[in-house]
Amino acid sequence: QVQLVESGGGLVQAGGSLTLSCVASGGIFTLIGMGWYRQIPGKQRELVAHHTSGGGTTYADSVKGRFTILPDTAKNTVTLQMHSLRAEDTGVYYCAGMDTFGPAFWGQGTQVTVSS
């Protein structure tokens with residue numbers, strides 16, 4: 001079993017920046033990558049960005065050019081740098097541990113609120 005612990009959410013004004021961090025522990029040998037998903041009120045959980053070994057990095061179109069995912073395999077961490085935040089980025093952000101089928105493990109989530 002993999003445990004994922006997120007940190008770094010909070011309240012920020014539109015146009016501002018936030019950085020989210022996630023640390024993985026436990027059965028991390030089962031993972032091929034890590035990523036970030038978010039759940040916006042009234043919508044299904046969606047991909048923000050993920051990085052997998054062999055697959056590289058993928059970003060949602062809505063965050064390209066604004067968000068950067070930074071995996072650190074040596075430390076079993078993944079960081080999400082978010083810039084030029086918009087009100088529509090508000091939601092709960094979840095760290096995900098990826099296996100060959102997709103996101104298999106989830107963190108508890110961290111709230112990001114962008115005020116307009």
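Student: How far apart are the sulfur atoms of C22 and C95, which form a disulfide?

Tutor: Good place to start, and keep in mind that this is a predicted model. A pair of cysteine sulfur atoms counts as a disulfide within 2.5 Å. C22 and C95 meet that cut-off, with their sulfur atoms at a separation of 2.0 Å.

Student: Which parts of the chain does the pair C22 and C95 tie together?

Tutor: The structure holds one disulfide. Its two cysteines, C22 and C95, are both buried. They sit 73 residues apart in sequence, so the link ties together strand 3, which holds C22, and strand 9, which holds C95.

Student: Is the link of C22 and C95 left-handed or right-handed?

Tutor: Look at the angle about the S-S bond, which is -85°. With that value, the link of C22 and C95 is left-handed.

Student: Which residue in strand 10 is the bridge partner of G97?

Tutor: Strand 9 (residues 91-99) and strand 10 (residues 102-106) run antiparallel and are joined by four bridges. The two strands form a hairpin, with two residues between them. Across this pairing, the bridge partner of G97 is F105.

Terms used. Residues numbered from 1 in each chain as written. Predicted model: local features only at pLDDT ≥ 70, side-chain atom pairs only at ≥ 80, totals over all residues. Heavy atoms only, no water. Pairing = 2+ DSSP bridges. Buried < 20%, exposed > 50% of the residue type's maximum accessible area, 1.4 Å probe, protein only.
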